[in-house]
Structures are given as C-alpha cells and as structure tokens.
Amino acid sequence: MTLLDVQDLQVELMTEAGVVRAVDGISFTVDRSETVTLIGESGSGKSTTAMAVQALLPERLAVVSGRCVVDGVDVVARPREAGKLRGRTIAMIPQDPMTALSPVATVGRQLGEVLARSEPGLSRSARRERATDLLDSVRITDPRRQLDAYPHQLSGGMLQRVLIAIALAIDPHLLVADEPTSALDVTVQAGILDLLLDLQDRTSAGILMITHDIGVARLVSDRVHVMRDGRFVESGEVEAVVGAPQQDYTRRLLDAVPRLGAWTDGGVA
Ligand SMILES: Nc1ncnc2c1ncn2[C@@H]1O[C@H](COP(=O)(O)OP(=O)(O)OP(=O)(O)O)[C@@H](O)[C@H]1O
Ligand SMILES: [Mg+2]
C-alpha cells in the first residue's frame, strides 16, 4: 500500500525578497519498507518538500497546493489532521542532534514525555522500561544509565541515536529524515544509516530521506529523485541514476562526492 502519495506538489514561500517557488510541481510515492531519497544542491527545495509533507510550513508564509496523502489523509487539504499524524504515524529525525534536545532535561525525561503522549496508559516504571528498551534498540550501551544523562554528556552520534529512539517511540509508519547524518563525523555516519535500515527492516516504516550526499543516497535508497530549483530533473532506481546519470546536473552532484582512490601528494586522488 502506498504510504505517502505526493502529486503535483507546489510550495510558494513569501520571503522579504518576494515570492519564491521553492517546490514546483513534484510527484512521488513512498511505500512501506521503502526508502525514497530526495537529493539535490542547496536551495533546491528538499527541506521545503519535507516540511510540506508534514504540514509544518507556517500558513502565513507558505502557499501549498497539490496533493500529499499520508496514510489516507491529504495533509494539504486538511492540515489540522496532519497535526495528529505527526504524533502518530509520521516522525522526523532532525538534521542537528546537538540542538534538537532540551539541554536542561535528561534523556530519560525527554523520551518519557514522548511515551506519555503516545501511550498515556503506561505507569511511570513501565515508561522507564519502554525507554530503556528503545535506547537498547538504537544500540546505546548501558541504556539504563544513559537515561539519566543530560544531552551535553553524550556525543553527536549518541544523541542522534537518542533522537531516532524518540522518533521510534510513536511506532511511525513514515520517517522523514532531513540530512540525518550531515552534522556528524563521517566515521559515525555509516553507523547511524545502518541503524536506520535495520530499524526499517524490523518496523516496515517507509523512509523519506533527504541528502545532498550521493554516497548517502546510494547506501540507503530504493529510489532517488534528483531535485533542482523545485523540480525533479531525474528519477529512478538508485543504481540506475548513480550508474548512468542522464543529466549534467546529476553528474556534477556525483563528482562532488569525494571518492577513495590512490594517495597523491595532496591527499586522496
Ligand atoms: N525560511 C525561509 N525563508 C525564505 N526563503 C526560504 C526559507 N526556507 C527556504 N527558503 C528558500 O526556498 C528554497 C528552497 O529551500 P530549501 O531549504 O527547501 O532547500 P534545500 O534543498 O533543503 O537546501 P539545503 O541543502 O541547503 O538544506 C530556496 O530558494 C530557499 O532560499
Ligand atoms: Mg535543507
């Protein structure tokens, strides 16, 4: 079943410089267990699309048209119902794990607050057990102890695992991950992406992934849409697009990814 069905989505943003058509008539779908990636240069409209899918664009700043059906609800036509979806079937993994959590509350408290909303019947001790299990499921070692940690005591990679645990707490059908690893050290990135894919296997969640890094796209995607100036310039299976890009623009994106090669005086060739 199609989990997310976007048809002719358009977004106009009211900016100080005038109206910007940030998304200009795109269509795509995401099924359960599928990862669909939007890739494109800065300013191409990827985040605006992600926000529109979640009905997070402020009404007075954005004019959204087209269809965007999540789990049977058109969030463009019925933005208020979209608010309910956000706590229930759509979860977001933010770009910068360092600033996404409150610095003044422990990890356990912040996870507990989400659980209290999603499963109001749970007792305090049952919530703590669930929170421990969630941290364990995102491969945080000694999860019981980490519940009492404050965000500043954890590394960026650990924090992103906590945020993924928070996203999973609502048992989402659709995960929206906007550059989930770009704020992290490269050595940590692969582990987080691997974790996401593993969790997807277990939960059958669909993932809308956003990245400007074709290496990331290649690792996680079933399909990719290459975005430029609010439109898709190229779409298809990831291997087809990466292996034989049809557009110069896509080729340039590919060339921007450093590849491992022979060492030269200046570094990696
Ligand atoms: N808050 C805003 N106010 C005004 N214009 C905005 C705002 N957010 C985005 N835009 C404009 O909308 C267009 C699309 O931006 P968007 O953030 O969706 O791009 P992006 O592909 O996510 O880029 P990046 O890779 O840098 O995150 C750009 O022209 C941008 O300047
Ligand atoms: Mg963005």
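Predicted model: local features only at pLDDT ≥ 70, side-chain atom pairs only at ≥ 80, totals over all residues.
Local features are given where pLDDT is at least 70 and side-chain atom pairs only at pLDDT 80 or more, whereas totals for chains, interfaces and linings use all residues, and side-chain values rest on heavy atoms, with hydrogens and water left out. Residues are numbered from 1 along each chain as its sequence is written, while chains are lettered from A and ligands numbered from 1 in the order in which they are written. Helices (H or I, at least four residues) and strands (E, at least two) are DSSP runs, numbered from the N terminus.

## The shell around ligand 1

Ligand 1 is surrounded by Leu 13, Thr 15, Val 20, Ala 22, Glu 41, Ser 42, Gly 43, Ser 44, Gly 45, Lys 46, Ser 47 and Thr 48, where a residue is near a molecule if one of its heavy atoms lies within 4 Å of it. By class, this shell has three nonpolar, seven polar and two charged residues; in that scheme Ala, Val, Leu, Ile, Met, Phe, Trp, Tyr, Cys and Pro count as nonpolar, Asp, Glu, Lys and Arg as charged, and the others, Gly among them, as polar. Strand S1 (2-15), strand S2 (18-31) and helix H1 (46-53) each supply at least two residues of the shell, and H1 gives the most, with three residues.

| Residue and atom | Distance to an oxygen atom of ligand 1 |
|---|---|
| Gly 43, polar backbone atom | 2.8 Å |
| Lys 46, polar side-chain atom | 2.8 Å |
| Thr 48, N or O atom in the side chain | 2.5 Å |

Taken alone, ligand 1 exposes 640 Å², and the protein buries 56% of that; accessible areas come from the Shrake-Rupley method with a 1.4 Å probe, and for residues only the protein chains shown count as cover.

The buried residues of H1 are Lys 46, Thr 48, Thr 49, Ala 50, Ala 52 and Val 53. Just after H1, Ala 55 takes a positive phi of about 55 degrees.

Helix H4 (residues 107-118) has twelve residues and, at 1.5 Å a residue, should span 16 Å, which agrees with the 17 Å between its end C-alpha atoms; the expected span is 1.5 Å times one less than the number of residues. Val 107, Gly 108, Gln 110, Leu 111, Gly 112, Val 114 and Leu 115 are the buried residues of H4. They pack against helix H5 (124-137), helix H6 (143-146) and helix H7 (156-168), with contact taken as heavy atoms within 4.5 Å.

## Side chains that reach backbone atoms

Gln 160 has its place in helix H7 and, at 0% relative accessibility, counts as buried. A polar atom of the Gln 160 side chain lies 3.0 Å from the backbone oxygen of Pro 94. Not counting residues up to four places away in sequence, Gln 160 touches Ile 93, Pro 94, Gln 95, Pro 97, Pro 180, Leu 184 and Ile 192.

Arg 223 is found in strand S9 (residues 223-228), and a polar atom of its side chain lies 3.2 Å from the backbone oxygen of Thr 29. Leaving aside neighbours within four places in sequence, the contacts of Arg 223 are with Thr 29, Glu 34, Thr 35, Val 36, Thr 37, Gly 236, Glu 237 and Val 238.

In the loop between H6 and H7 lies Gln 153, whose side chain reaches the backbone nitrogen of Tyr 150 at 2.7 Å.

## Positive phi angles

Asp 8, found in strand S1, has a positive phi of about 50 degrees although it is not a glycine, and Asp 8 is partly exposed, with a relative accessible area of 41%. Asp 171, in the loop between H7 and strand S7 (174-178), has a phi near 55 degrees, a positive value in a residue other than glycine; Asp 171 is exposed, with a relative accessible area of 52%.

Key. Buried < 20%, exposed > 50% of the residue type's maximum accessible area, 1.4 Å probe, protein only. Polar contact = N/O pair within 3.5 Å; in protein donor to acceptor, adjacent residues only side chain to side chain.
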